[in-house]
Amino acid sequence: MSSVQIEIQLIASLVAIACAIPGTFLVLRKMAMISDAISHSILPGIVIGFFLTEDLNSPWLILLAALTGILTVILVEFIQKTGLVKEDTAIGLVFPALFSIGVILIAKNANDVHLDVDAVLLGELAFAPFDRFLFNGIDLGPKSLWIIGTILAITLTLLITFFKELKLSTFDKSLATTLGFSPVVMHYGLMSIASVTTVGAFDAVGAILVVALMIAPSAIAYLLTNNLKKMILIACYFGVFSAITGYWLAHILDASISGAMTTVLGVLFLLVYLFAPNKGLIAVLYRQKRQKTEVYLLTFLLHLQNHKEESERHVQHLNEHINWRTVESKSILSLAKENNMIKIENDIISLTRKGKEFTTEAINYITTNKSTAIEDMKDRFFLFRG
């Protein structure tokens, strides 16, 4: 592996970590698409900074772009608070307008600048190692590595320093205000970090990959855990994994590096979306099916509890009067027998002692709505779940 390949993967990995940290909080705050708005609306800030300094490496570009990102958030929230349109509509109004202003400024004042898809949307990581940072004639590595490394160091410092405040303002703004933390300050601080990170990664990886790295790893982590610290670590892991895997996929296919990384992120999210243990689609569908079966079982046991006549407790009664299909009837009877809730003699169904205890407790729960969770009650009685 050449030094250039190592540097490309290192830059991409640092960008992934730097994006995953603010991205986790954006996902939790249901502001995922604001990152897309910021990644486009920073263009006029970059252009104005370049016109003022005539230096693409000037820190003023990052500062003005970050301010433009914050302006985007302010405008989106202002339009949303009017109540006339929703947040997604407000985002769709603000960022195209700001992005268009940037394009017009380039067209009017820097007509010889070539603004292409690779430069703005996809980025080109392959060229990042060739833009070197020289100090007193000493080659210190790619400029992108130093820029994103500095941003990451600042982000980590702020995360460690204000983790409690960020967590509290994310999950309970009222409590944060009561305890003296300002949710507004935390909010705009987070937006500032997201803006600065977007600007720092914009030149190396492009707008699309910035959005993908800020949202997709965080969304994956959100489906895998409810612990905030673990969520941040998992998001960073998947971001780095997709960066490295995407690079080698692009190397094999001779394709866009940023495009390959984004594709890997999409595939990873799809797999987690389907197979996540608790929040995955398959797990949710299985849980819904199980809950439906358990409701049927509870309905069946309550029916037995309320009817002593043998005609009401006959096996055929399930099909004839409760309108259950044969498969459903057999499934419910089998589940009840496995859990020792019923006994069947001459096709007449009766509640066992355990079945009576469960039904009595279930009725008590339904009528009194006690604080005891019904799932805990089921766990105590059920050896087999539907």
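In this protein, residues 24 or more positions apart account for 66% of the contacts (heavy atoms within 4.5 Å) with a separation of 6 or more. The model is predicted, so local features need pLDDT of at least 70 and side-chain atom pairs count only at pLDDT 80 or more, whereas totals for chains, interfaces and linings use all residues. Residues are numbered from 1 along each chain as its sequence is written, and side-chain values use heavy atoms, with hydrogens and water left out.

The secondary structure comprises 17 helices and four strands; these are DSSP runs numbered from the N terminus, with helices being H or I of at least four residues and strands E of at least two. Of the 386 residues in the protein, 45% are buried, where buried means under 20% relative accessible area, exposed over 50%, and partly exposed in between (1.4 Å probe, protein chains only). The accessible surface amounts to about 20400 Å², and carbon and sulfur atoms hold 64% of it; such areas come from the Shrake-Rupley method with a 1.4 Å probe, and for residues only the protein chains shown count as cover.

Helix H1 covers residues 3-28, 26 residues in total, and reaches 38 Å from its first C-alpha to its last, close to the expected 38 Å. That expected span is 1.5 Å times one less than the number of residues. At Ala20, H1 bends by about 30°, and Pro22 follows within four residues; the bend is the angle between axes fitted to the seven residues ending there and the seven starting there. Because 21 of its 26 residues are buried, H1 is largely enclosed by the rest of the structure. After H1 comes Lys30, whose phi is positive, near 60°.

The interior can be followed through its nonpolar cores, which are sets of buried Ala, Val, Leu, Ile, Met, Phe, Trp, Tyr and Cys residues joined through side-chain atoms within 4.5 Å. The largest has 69 residues, of which Val15, Ile34, Leu125, Val205, Ile232 and Met261 touch the most other members. Helix H10 (residues 183-224) gives the most to this core, with 19 residues. Another core, of 20 residues, lies apart from it and includes Leu297, Leu298, Phe358 and Phe382.

Cys19 counts as buried because its relative accessibility is 0%, and Cys236 is buried at 13%. A search of the whole structure for disulfides (pairs of cysteine sulfur atoms within 2.5 Å) finds zero.

Finally, Thr245 is found in helix H11 (residues 228-253) and is partly exposed, with a relative accessible area of 30%. Thr245 and Leu265 are 20 residues apart in sequence and 9.6 Å apart in space, C-alpha to C-alpha.
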